[in-house]
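Have the structure open while you read.

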Amino acid sequence: MSIDKYNVDMSNGLETVPVLIESSSGVPTFPGFQYSPDNIQGPGCTVDPCEVTLPGCSCLSHSCLPESCSCLQTHGQAYNSSGVLLNLSRTASGYCSPVFECNALCTCSDACSNRVVLRGLTLRLEVFFTKNRGWGVRTLEAIPHGTFVCEYAGEVISFEEARRRQLAQRSEENNYIIAVREHAGTGSVTETFVDPALVGNVGRFLNHSCQPNLLMQPVRVHSVVPRLALFAGQDIDPQEELTFDYSGGYSNQPPAEVSSTQSGAAMQASRTDGLPRKECHCGANKCAQFLPLDLSILS
């Protein structure tokens with residue numbers, strides 16, 4: 001998708017709410033990519049993220065109740081009655097509780113409070129060109145704490161493909177790959193790699209901040225492949241830029257579950273393996289000075 005005009009819907013009608021591009025002169029040509037509101041199956045991915053593989057509940061109520069819904073009984077209640085994420089905290093290690101939503105096989109109402117990420121984008125967002133960090137995203141309306149904002153969607157690829165893509169990138173190119181590592185109680189680790197560089201949604205334009213206003217939370221809806229959902233970690237005002245910590249941390253807590261291959265020094269500050277360090281320009285009071293870097297993909 002190549003866009004030369006502004007004030008248009010970047011999603012081309014694929015989102016329920018138009019994603020606008022700021023009307024401005026003197027900005028670079030908008031990057032070309034294919035817009036997709038959902039994850040798609042990329043090289044090396046053995047599971048189609050769009051395929052419904054999780055069982056559904058048999059609830060007939062307007063909204064599922066914890067005492068009767070098989071989804072909530074199995075996975076726990078993630079949202080309140082208004083669809084606001086209940087647990088926005090991280091443990092000292094950075095871990096968060098898993099979230100499972102009702103899906104296409106569930107018989108509950110479309111208005112069920114356990115259907116949030118499934119409904120897709122509902123907020124008015126705008127992509128704009130920042131002063132020193134390239135393109136970014138801001139909200140055109142107030143966003144209450146705990147509200148689902150958008151997904152970080154793209155190609156779901158294998159570890160080997162993520163490594164190949166990162167090694168093939170030039171130093172001046174942006175690296176969009178996000179690596180999600182989920183730690184089960186048995187000690188096993190599930191890895192998911194999402195790259196929106198060629199196919200993605202509005203989430204690909206979100207900038208990093210060492211003190212972000214969004215928190216990334218893996219959410220499973222239809223598939224065992226998690227969707228990388230971003231929730232408001234605080235009340236956000238209209239025209240405020242939306243950011244998240246590429247390392248997966250929040251409020252400067254140690255990162256662990258969600259990490260980025262994008263560049264910097266959060267997870268392995270003492271190692272760079274000869275890779276150039278990219279400066280962070282987030283402007284936070286406790287800025288780490290460099291963008292996060294996950295070197296595990298290169299090992």
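E161 and R164 sit three residues apart in helix α2 (residues 159-168), so about one helical turn separates them. This is a predicted model, and in it the two side chains form a salt bridge, with the closest N and O atoms 2.8 Å apart. Salt bridges with shared partners link E155, E161, R164, R165 and D195 into one network.

How do these residues stand on burial? E161 counts as buried because its relative accessible area is 11%, under the 20% cut-off. R165 is buried as well, at 13%, whereas R164 is partly exposed at 48%.

Stepping back, how many salt bridges does a search of the whole structure find? The count is 13. One of them joins E22 and R138, whose side chains meet at 3.0 Å, N to O. E22 belongs to the loop between β1 and β2 (34-35), while R138 is in strand β6 (residues 135-139), so this pair ties together parts that lie 116 residues apart in sequence. E22 is partly exposed, with 22% relative accessibility, and R138 is buried, at 14%.

| Salt bridge | N to O distance |
|---|---|
| E161 and R164 | 2.8 Å |
| E22 and R138 | 3.0 Å |

Now for the serine. S11 lies in the segment before β1 (19-21). Is S11 buried or exposed? It is buried, with a relative accessible area of 0%. Its side chain makes a polar contact of 2.9 Å with the side chain of D9, and a polar atom of the S11 side chain lies 3.3 Å from the backbone nitrogen of E15. Leaving out residues up to four places away in sequence, S11 touches V19 and Y35.

The largest pocket has a volume of about 630 Å³. Of the 24 residues lining it, which come closest to its centre? They are R133, N174, Y176, N207 and Y246. By type, the lining of this pocket splits into nine nonpolar, ten polar and five charged residues.

Key: Residues are numbered from 1 along each chain as its sequence is written. This is a predicted model: local features need pLDDT of at least 70, side-chain atom pairs count only at pLDDT 80 or more; totals for chains, interfaces and linings use all residues. Side-chain values use heavy atoms; hydrogens and water are left out. On a 1 Å grid over the protein atoms alone, a cavity is a set of points where a 1.4 Å probe fits but cannot get out, and a pocket is an open set with protein on both sides within 12 Å along at least five of seven lines; lining residues have an atom within 4 Å of a point. Grid points are joined across faces, edges and corners, and a volume is the space filled by probe spheres set on the points. Ala, Val, Leu, Ile, Met, Phe, Trp, Tyr, Cys and Pro count as nonpolar, Asp, Glu, Lys and Arg as charged, and the others, Gly among them, as polar. Helices (H or I, at least four residues) and strands (E, at least two) are DSSP runs, numbered from the N terminus. Buried means under 20% relative accessible area, exposed over 50%, partly exposed in between (1.4 Å probe, protein chains only). A polar contact is a pair of N or O atoms within 3.5 Å; within protein, one must be able to donate a hydrogen and the other to accept it, and residues adjacent in sequence count only if both atoms are side-chain atoms. Contact means heavy atoms within 4.5 Å. A salt bridge is a side-chain nitrogen of Lys or Arg within 4 Å of a carboxyl oxygen of Asp or Glu.
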